[in-house]
Amino acid sequence: MADATTPLTRDDWHGRAATLRPEGRHFIGGQLLPSRSGATFDCINPATGAVLAQVAQGDAADIDLAVSTAQAAWADRRWRGLAPRQRMDVLLRFADTLERHADELALLETLDMGKPISDVLNIDLPEVLRTIRYFAECIDKIDGAVTHTAPGSLHMIVHEPLGVVGAISPWNYPLLMAIWKVAPALAAGNCVVLKPSEQAPLSCIRMAQLFVESGGPAGVFNVVNGLGPEAGKALALHPDVAKLTFTGSTAVGKLLLAYAGQSNMKRVALETGGKSPQIFFDDVYDLDAAVDRAIGGIYDNAGQVCNAGSRLLVQRGIHDAFVARFVERSAQLYTPGDPLDPATTLGPVVSAAHRGNVLAHVERAREQGAHQAMGDADAAMPDTGAFVAPTLFTGTNGAMDINRLEVFGPVASVMAFDTEDEAIALANDSVYGLAAAVWTADLNRAHRCVGALEAGVVWVNCFGDGDMTQPFGGYKQSGNSRDKHIDSLRSYMQGKSAWFNLG
Ligand code: NAD
């Protein structure tokens, strides 16, 4: 991390950005390679519109090369054949190397997707390091079993890695979402081909290079850049990929299930969209503190968070106080600004096109009769860049699109409710089920709500809290698997039953 005693200033970061030459090529077999076709696309800084790099636009030929390279590394056992302790040492060195390159990685992340540099340094990168170290430490904690059998037999169950894992990641936390897949896959002994989001690939390319610089064998962790329908689809259809692990939209997740069926029935792990409800009951302990968490739950990372608490269900007795406090505190906590300024708390969204998507949702909410309590008119916006002001709608109901569709931007909506049953019904009225939160001083009610909410993660009197022991993933169309936790490592392995006749 940046030296806490001499934090870099906005000018320091701009000085570094001016001399940075980001790498945009693929990283295959330990080498930086252009696309076989020679095609590239522009990588754009959403805060300025400037072109940061030309990124290799991979297609099926590049995916083929990367998968066969990973397959060769799998076949000669250069990674899975290491003793668990040796793999652990490499991964721990990998985390140390990333930590030494924290400033460089943070700069790439901020320039590429627009998130505030302080967020990358204080949130994303520490989480990346924790993830790698956690899964490294899990490696020798995975046991098999010897079961009870009749005399003359021996039955063992052993866990083995799968082979080549294809990972497809999104842009909202480019390094973190990728490493939630790559770290457990590598820890289990697999070889990986990562296709990062075309919106923000730069930090992932650098991360794969640093794996090899940390002593990771070449060919074990490969990166192919490119567009989803080209490189991503080719990876999902590839017959030599044993498992596809994906974080992204529900629509693309459904396509990947079909591609797996059309090819080799590869396993498909999906972490997809969300529309998470937060329920605030009249008896909430500390309304002011809860409102601050509600604000963070939707405006952190400019709302580009899968589990963003975008639906605020507020009991009628505290509704007006909640809304007034929310508007007042949002202006204090989230000001759009230069993401390279360490004081900035709200950067642009990832692209001008995405800004257009978010604003279309805002317009639609207005058309459908929602009241805009806060938005563009209330925030001083930078002159350039894909900025969207923190936005709040009140007077909304469960039928409005603003409560049904994932906006993936800094836009929250409030629904008033009277009873607990009504709150639960509203909360569960969604195709998504990633996360939910309940705010109440009544423990019995909190416990009832936890049981009734259809979500993979439920927070009580907090939002977004957790550590590596917390499985993260959704119910319903928010996905079919879990990241983090030792079970994630197990999901990159398969069990083999070996029955011995000793008679
Ligand atoms: P996206 O689905 O558009 O893209 C994700 C990845 O899929 C990218 O790498 C993209 O290139 C690739 N892709 C696109 N089309 C493809 C195709 N036809 N075949 C193969 N790959 C293809 O999602 P996004 O816009 O990058 O990310 C935002 C979405 O991710 C939101 O819906 C968000 O909720 C979700 N998300 C979920 C979690 C979670 O843990 N559940 C975490 C972060 C983000």
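How many salt bridges does the structure hold? The model, which is predicted, holds 27 salt bridges.

**Helix α2**

- Helix α2 runs over residues 60-75, and its 16 residues should span 22 Å at 1.5 Å a residue, which agrees with the 22 Å that separates its end C-alpha atoms.
- The buried residues of α2 are Asp 62, Ile 63, Ala 66, Val 67, Thr 69, Ala 70, Ala 73 and Trp 74; because they cover an arc of only 160° around the axis, they lie on the same side of α2.
- An α-helix has 3.6 residues a turn, so residues three or four places apart point the same way.
- The cover over the buried residues of α2 includes the strands β1 (26-28), β6 (153-161), β7 (164-168), β8 (191-195) and β9 (221-223), as well as helix α8 (228-237).
- At the N-terminal end, α2 is capped by Asp 59, which has a side-chain oxygen 3.0 Å from the backbone nitrogen of Ala 61, while just after α2 Arg 77 takes a positive phi of about 65°.

**Salt bridges**

- Lys 181 and Asp 483 meet through their side chains in a salt bridge, with an N to O distance of 3.2 Å; because Lys 181 lies in helix α6 (residues 174-187) and Asp 483 in the loop between β20 (475-476) and α15 (485-490), the pair ties together parts that are 302 residues apart in sequence.
- Both Lys 181 and Asp 483 are buried.
- The side chains of Arg 404 and Asp 429 likewise meet in a salt bridge, at 3.1 Å from N to O; Arg 404 lies in the loop between β15 (391-394) and β16 (411-417) and Asp 429 in the loop between α13 (420-428) and β17 (432-433), so this pair ties together parts that are 25 residues apart in sequence.
- Arg 404 counts as partly exposed at 31% relative accessibility, and Asp 429 counts as partly exposed at 34%.
- Salt bridges that share partners join Asp 96, Glu 99 and Arg 133 into one network.
- Lys 141 forms a salt bridge with Asp 140, in which the closest N and O atoms are 2.6 Å apart; Lys 141 is partly exposed at 46% relative accessibility, and Asp 140 is partly exposed at 37%.

**His 361**

- His 361 is found in helix α12 (residues 352-367), and, leaving aside residues up to four places away in sequence, His 361 touches Ile 402, Leu 405, Glu 406 and Val 407.
- The C-alpha atoms of His 361 and Arg 445 are separated by 34 Å, these residues being 84 residues apart along the chain.

Definitions and conventions
Residues numbered from 1 in each chain as written. Predicted model: local features only at pLDDT ≥ 70, side-chain atom pairs only at ≥ 80, totals over all residues. Heavy atoms only, no water. Helix = DSSP H or I, 4+ residues; strand = E, 2+ residues; numbered from the N terminus. Expected span 1.5 Å × (residues − 1). Buried < 20%, exposed > 50% of the residue type's maximum accessible area, 1.4 Å probe, protein only. Arc of directions from axis to C-beta. Contact = heavy atoms within 4.5 Å. Polar contact = N/O pair within 3.5 Å; in protein donor to acceptor, adjacent residues only side chain to side chain. Salt bridge = Lys/Arg side-chain N within 4 Å of Asp/Glu carboxyl O.
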